[in-house]
Amino acid sequence: MSTPSDQVPPPPSPPPYDPVPPPSAGPAADDKNIAMLTHLSGLIFSVLVPLIVWLVYKDRADKQYLVREAKEALNFQITIVLAYFIGGILTVILIGGLIVFLAWLANLIFCIVAALKVSSDGTYRYPYTLRLIN
């Protein structure tokens, strides 16, 4: 007979497989591409694409990066639409044309900068933006 000191305990079992990556892994490449296209889509589709991306992914815990970027793009595009509206009203006193042009230029520059920043670093926050959607 063997004594308890002669017996070797069995090796520990491996941890169960977890399909969700840990939060420190960073955004997936697909999420970064969708976020980049969401920012660029503001040049043509204004609030439409960021709104759709936000509404589709807002309840998914694994897509919080994408939700954050879509909300940022949506807030910026709402700000641009408001600037276009105010500029349109102020065309009566001739300063509105300048406001509309500057809003268009800011939209062009900031959307491109946001897309480049998201594709390389992973996140971007627009300056001078009304944060209406939190």
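Tutor: One term before we start: contact means heavy atoms within 4.5 Å. Among contacts in the protein chain between residues at least 6 apart in sequence, 63% join residues at least 24 apart.

Student: What kind of model is this, and how are residues numbered?
Tutor: It's a predicted model, where local features need pLDDT of at least 70, side-chain atom pairs count only at pLDDT 80 or more, and totals for chains, interfaces and linings use all residues. Residues are numbered from 1 along each chain as its sequence is written, and side-chain values use heavy atoms, with hydrogens and water left out.

Student: How many helices and strands are there?
Tutor: The protein chain has 5 helices and 0 strands. Helices here are DSSP runs of H or I with at least four residues, strands are E runs of at least two, and both are numbered from the N terminus.

Student: And how much of the chain is buried?
Tutor: Of its 134 residues, 28% count as buried. Buried means under 20% relative accessible area, exposed means over 50%, and partly exposed is in between, using a 1.4 Å probe and protein chains only.

Student: Which residues does His39 touch, apart from its sequence neighbours?
Tutor: Leaving aside neighbours within four places in sequence, His39 is in contact with Glu69, Ala73, Cys111, Ala114, Ala115, Val118 and Tyr126. Cys111, Ala114, Ala115 and Val118 are among the buried residues of H5. The buried residues of H5 pack against H1, H2 and H4.

Student: What about the length of H5?
Tutor: At 1.5 Å a residue, the 25 residues of H5 should span 36 Å, and its end C-alpha atoms are 36 Å apart, so the two agree. That expected span is 1.5 Å times one less than the number of residues.

Student: Switching to H3, which residues are buried there?
Tutor: Pro50, Val53, Trp54 and Tyr57 are buried in H3. They're on the same side of H3 because they cover an arc of only 95° around the axis. The arc is that of the directions from the helix axis to the C-beta atoms.

Student: Why would residues on one side be spaced like that?
Tutor: An α-helix has 3.6 residues a turn, so residues three or four places apart point the same way.

Student: What do the buried residues of H3 pack against?
Tutor: They pack against H1 and helix H4 (64-89).

Student: New topic: how many salt bridges does the structure hold?
Tutor: There are 5 salt bridges, each being a side-chain nitrogen of Lys or Arg within 4 Å of a carboxyl oxygen of Asp or Glu.

Student: What does Glu72 pair with?
Tutor: Glu72 forms a salt bridge with Arg125, with the closest N and O atoms 3.7 Å apart. Glu72 lies in helix H4 and Arg125 in the segment after H5, so this pair ties together parts that are 53 residues apart in sequence. Glu72 also meets Arg131 in a salt bridge, at 2.5 Å from N to O. Salt bridges that share partners join Glu72, Arg125 and Arg131 into one network.

Student: Is Glu72 buried or exposed?
Tutor: Glu72 counts as buried, because its relative accessibility is 7%. Arg125, at 56%, counts as exposed, while Arg131 is partly exposed at 28%.
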